[in-house]
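Have the sequence and the 3D view open while you read.

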Amino acid sequence: MNERIDALHPYPFEKLRTLVADIEPNPALTPLSLGIGEPQHAPPQAVLDALTESALAVAKYPATLGQPELRQTIADWAMGRFAPVQLDASQVIPVTGTREALFAVIQALVGEGQRILMPNPFYQIYEGAAIMAGATPGYLNADASNEFAPTPADVDSFENVAAVFLCTPGNPSGRVLSIDELQAWIKAAQTHNFLLISDECYSEIYRDEQSPPPGLLQAAAEMGLSGLNNCIAVGSLSKRSNLPGLRSGYMIGSEAQMAAFAKYRTYHGCAMPGHHQQASMVAWKDEKHVQDNREQYRQKYAMAQQILSDYLPSTPPAGGFYLWIEVPGGDDEGFTQLLLKEYNLRVLPGRYLGRDIDGHNPGAGRVRAALVSATETTQEALERLKSALDRWSQSA
Ligand SMILES: Cc1ncc(COP(=O)(O)O)c(C=O)c1O
């Protein structure tokens with residue numbers, strides 16, 4: 001048995017299951033969940049059609065690197081979205097979701113005994129990837145004190161740091177990193193020679209139609225970095241196009257890094273099935289469904305701002321689809337239990353997304369609520385959440 005398996009932390013939803021194991025949810029109410037960040041909006045019909053029309057692709061082994069047409073489609077999309085970046089299709093590798101890519105890239109490109117930094121709270125795959133690679137995770141607090149965005153100045157020492165994860169828009173905060181903030185990280189990566197891996201799986205879910213979140217590729221290009229050097233960006237169709245089950249995303253980096261990653265993937269064995277590649281091309285080439293998708297989220301945020309006005313900042317998060325709510329009195333676990341017991345509603349305690357550093361977990365005292373369900377269901381859930389928060393604040 002690989003001892004590193006034992007070092008992996010239980011997943012946040014496993015901790016949630018344990019927390020509520022003995023709770024009987026209020027049977028008078030239909031069960032609702034704002035717990036999991038799984039998009040519930042309809043996937044685009046044209047993508048479903050492409051999937052079935054190309055089903056015969058299952059009769060062939062897909063190439064590890066993906067079809068040249070898909071790589072070019074993603075390169076074209078990224079050059080449009082993150083202008084002025086210039087890309088060659090050889091810098092693009094289709095991956096089976098960013099989760100797989102974020103994990104695998106560390107196994108491929110980071111050696112044992114090195115350090116990997118990540119925001120705290122964070123997407124737990126970053127940490128698991130570090131542990132399984134024999135590296136040491138380092139946590140950079142992302143809380144109200146730094147506007148949910150750690151900077152290179154928050155790092156005590158870059159000694160032995162092989163990689164830094166960024167997440168923009170952030171999960172759970174929805175914080176979008178600016179070009180200046182991304183460039184500060186790129187400069188640090190150049191100075192201290194580490195990989196900068198930007199998780200941009202929420203890049204297409206944002207509030208202001210006129211200002212899409214900038215990406216790492218764009219920030220690098222605006223600095224005149226043509227070869228991308230130490231920068232790697234990942235994105236996917238899961239949130240953009242409501243296709244979490246398609247397992248389709250991309251990794252983009254320098255040719256040298258992508259060649260090493262491709263070599264690793266030959267052994268890893270997770271090439272994207274051919275019919276998923278065909279369907280993915282249809283999805284990347286259409287923006288209309290993505291605009292409609294954003295509009296649905298915008299409406300739900302407007303609703304949340306109204307219903308939960310006493311408990312939310314005056315403006316919604318710039319990106320992503322979560323509410324990152326401060327619990328009056330700070331007991332995120334107790335509040336989560338009350339919500340389920342009395343209101344039959346699930347959320348995720350914020351502490352499960354973070355780690356205790358020097359006695360402080362920056363996720364504690366908050367709950368994460370995903371606005372992924374249909375508008376009417378979300379409204380009902382938000383109204384229950386409001387009643388629960390009112391009740392909880394009276395007793396806190
Ligand atoms: C921050 C973050 N990164 C990556 C992922 C993985 O997404 P996928 O593998 O579907 O692209 C998620 C999924 O919820 C996420 O929240």
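This is a predicted model: local features need pLDDT of at least 70, side-chain atom pairs count only at pLDDT 80 or more; totals for chains, interfaces and linings use all residues.

Buried means 20 or more other C-beta atoms within 10 Å of a residue's own, exposed means 12 or fewer, and partly exposed is in between, with C-beta atoms placed from the backbone. Strands (E, at least two residues) and helices (H or I, at least four) are DSSP runs, numbered from the N terminus.

S3 pairs with strand S4 (residues 136–141) in the parallel sense over 6 bridges; pairing takes at least two DSSP bridges between the strands. Asn120 has Asn141 of S4 as its bridge partner. S3 also runs parallel to strand S5 (residues 161–167), joined by 3 bridges, and there Arg115 stands opposite Val161.

Numbering starts from 1 along each chain as its sequence is written.

Most residues other than glycine have a negative phi, and most peptide bonds are trans. Asn120 turns up again here: a cis peptide bond joins it to Pro121, with omega about 5°, and Pro121 sits in the loop between S3 and H6. Another cis bond joins Ala83 and Pro84, with omega about 15°; Pro84 is in the loop between helix H4 (68–81) and strand S2 (92–95).

Asn160 isn't a glycine, yet has a positive phi of about 65°. Asn160 lies in the loop between S4 and S5 and is partly exposed, with 13 other C-beta atoms within 10 Å. Asp358 has a positive phi of about 50°, and is exposed, with 5 other C-beta atoms within 10 Å.

## Two domains

An automatic or database assignment sets the domain bounds: domain 1 covers 4–42 + 289–395 and domain 2 covers 47–286. Their centres, over C-alpha atoms, are 26 Å apart. Across the boundary, 34 residues of domain 1 are in contact with 35 of domain 2, contact being C-beta atoms, placed from the backbone, within 7 Å.

## Around the ligand

The ligand is surrounded by 13 residues, the closest being Gly97, Thr98, Arg99, Ser236 and Ser238; a residue counts as near if its C-beta atom, placed from the backbone, lies within 6 Å.

How values were computed. Two residues are in contact if their C-beta atoms, placed from the backbone, lie within 7 Å.
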